[in-house]
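Dear colleague,

I am handing over the structure we spoke about, and it is placed just below this paragraph. Please look through it first, and then read the notes that follow.

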Amino acid sequence: MKVRKNVAISDSGFLFNPSSGDSYSVNPIGQEIIQMLQEEKSELEILDYILKEYMIDKNTVEKDLYDFLNMLKNYKLTE
Amino acid sequence: MEKKQYERPIIKSLNQGLMNKFGSRTEYTPMTHIDGCAVKDLLEEYGSPLFVMSERKIRDNYRNTKRIFETRYPKVQFAWSYKTNYLNAVCNVFHQEGSWGEVVSRFEYEKALNNGVPGNKILFNGPDKTDDDLRAAIKNDSPIHIDHLDELYRLTEIATELNVNPRVAIRVNMDTGIYPMWDRFGFNYENGQAWDAVNKIMANGKLKLVGLHCHIGTFMLAPNAYGIAATKMADLAKSIKNRYNKMVSYIDMGGGFASKNTLKGSYGLGADSVPEISQYAEAICSALLNAGFDNDELPYLYLETGRALIDDAGFLLGSVISNKRLSDGRRATILDFGVNIMFTSFWYDHKISPAQEFGQHTEDSVLYGPLCMNIDVIRENVTLPPLKAGDQVVVHTVGAYNITQSMQFIALRPAVVMIDMKGEPHVIKTKEVLETLEKGEVLPDYLSKFSL
């Protein structure tokens, strides 16, 4: 999955989609995930990164990541 | 390297619409401790979910309310409304503070007696008093608040049979300018029923009319309605004095003061919009003081305030079971407590706080209970930090009616803990087990065996 290249995200987690004019707020871990997606990292790589960086188990990350990616898709932020 | 604290990734659409002119504030500041006890420790020790009562808050509420009334009227007596929360520990905190008891059923009456309340300090309300109940109340010299004519006639017969003169009050309902009018309890003022009941009591001479009682509604948001009620009660008392040269010794204004909960559909939060106790007190006390009673005949003001004294002293602690995404994209969070122990979630939007620290990002969520039943909804829409399974939450302002109206539908009822004035928790009701539920069940022999 790739996030649209023209999607802009600020340091404070404010996300703007110029194609639709919609804006969003994203929490820090969400920002990291979007950045990794823009760098064309795979879902598996993202999952490994979160497990390495955060105190959390694999099942939870898997579930949350799946949900987050789905939301990006629903908001038409992916291509 | 130490790993970072995890928070579920969230993305929230920012809506560019009209601003909410009511601008209600968010309410997700974490609550990690109650009266010095860590929520985490309480749940670990006593299990999740868990009701917690704050003794300090109960006493503060009582003393504050008592002071507010006593600085406005010289003769005030509170009677603790058992039905609001009849855990013995809770009742006894009120009794230690000087509150009498107000009961609406036989078992509540027995509870009050067992707690040590003298019979003559238990007000017996309610529409359903059996002959046996009436006899017990007569024996203990408890003021009996007569609800309907059948009760009046029956009580007169029993008094005749026992050759005693029980102390009674009549319950009066009236138009206080609010809708709907509460006219199911007692005798109506405007159509003359109340005056008729007074005349019947005075004529038969068997019952000793010592008071007048009213209960104009529940969660009353209009203090002025109490002013109208107090004026009408005072008028009735003066009419009795004029006609029979007898002054009632008390006017009981019942209960109904609102707590700081937020009613569903309200624009503002309850904490901001509900009247202060002083507004109710001002309305009632001014009406009574201006009624024109002689100084030496000023009746006592009895108050059966329940909800406003106990609601914010009760908390429900619980844990997140899971969270999921609904078909329309809304977040749903499933908690381990349901409407079976939080009956008031049907009419309040309860304030719910996380019990641990979170980042600043939040999301809107529906909060469901654990019951396998569609109506088990704790909050239809609430803004909270991203909660994950195992996270803990605190529901505020659940001290009134939830424990007394709870039931073991699908889930058993949790323990109740009271935190004392020194910050020490005490179990005041143990967590239920299967035996609690099955106590009283009888299985006929022929149904005891089967093969599958």
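How many bridges join strand 1 of chain A to strand 2 of chain A, and in which sense do the strands run? Two bridges join strand 1 of chain A to strand 2 (residues 14-17) of chain A, and the two run antiparallel. Before going further, please note that this is a predicted model, in which local features need pLDDT of at least 70 and side-chain atom pairs count only at pLDDT 80 or more, while totals for chains, interfaces and linings use all residues. Residues are numbered from 1 along each chain as its sequence is written, and chains are lettered from A and ligands numbered from 1 in the order in which they are written.

Strands, like helices, are DSSP runs numbered from the N terminus, with at least two residues (E) for a strand and at least four (H or I) for a helix, and two strands are said to pair if DSSP finds at least two bridges between them.

Four strands in the order 1(A)-2(A)-3(A)-2(B) form an open sheet with antiparallel pairing. Its edge strands, each of which pairs on one side only, are strand 1 (8-9) of chain A and strand 2 of chain B. Helix 1 (residues 28-38) of chain A packs on this sheet, where it touches strand 1 and strand 3 (22-26) of chain A together with strand 2 of chain B, and its direction makes about 120° with that of strand 3 of chain A.

Where chain B meets chain A

Between the chains, 17 residues of chain B are in contact with 22 residues of chain A, contact being counted when the C-beta atoms, placed from the backbone, lie within 7 Å. On the chain B side, the elements that give two or more residues are strand 1 (4-5) and strand 2 (11-14), and strand 2 gives the most, with four residues. By class, that side has five nonpolar, five polar and seven charged residues, where Ala, Val, Leu, Ile, Met, Phe, Trp, Tyr, Cys and Pro count as nonpolar, Asp, Glu, Lys and Arg as charged, and the others, Gly among them, as polar. Strand 1 of chain B pairs in the parallel sense with strand 4 (residues 54-55) of chain A over two bridges, and A:Tyr54 stands opposite B:Lys4.

Helix pairs

In chain A, the axes of helix 2 (residues 43-53) and helix 3 (residues 58-74) come within 10 Å and cross at roughly 135°, the axes being lines fitted to C-alpha atoms over the stretch in contact and the angles running from 0 to 180 degrees between N-to-C directions. Helix 2 and helix 3 of chain A are therefore oblique to each other, given that angles under 35 degrees count as roughly parallel, over 145 as roughly antiparallel, 65 to 115 as roughly perpendicular and the rest as oblique. By class, their contact has six nonpolar, no polar and three charged residues.

In chain B, helix 8 (residues 223-244) and helix 10 (residues 277-289) pack at an angle of about 20° with their axes 8 Å apart, which makes helix 8 roughly parallel to helix 10.

The domains of chain B

The domain assignment of chain B, which is automatic or taken from a database, gives domain 1 (33-52 + 312-433) and domain 2 (55-311). The centres of these domains, taken over C-alpha atoms, are separated by 33 Å, and 21 residues of domain 1 of chain B are in contact with 21 residues of domain 2 of chain B.

With best wishes

Technical notes
Two residues are in contact if their C-beta atoms, placed from the backbone, lie within 7 Å.
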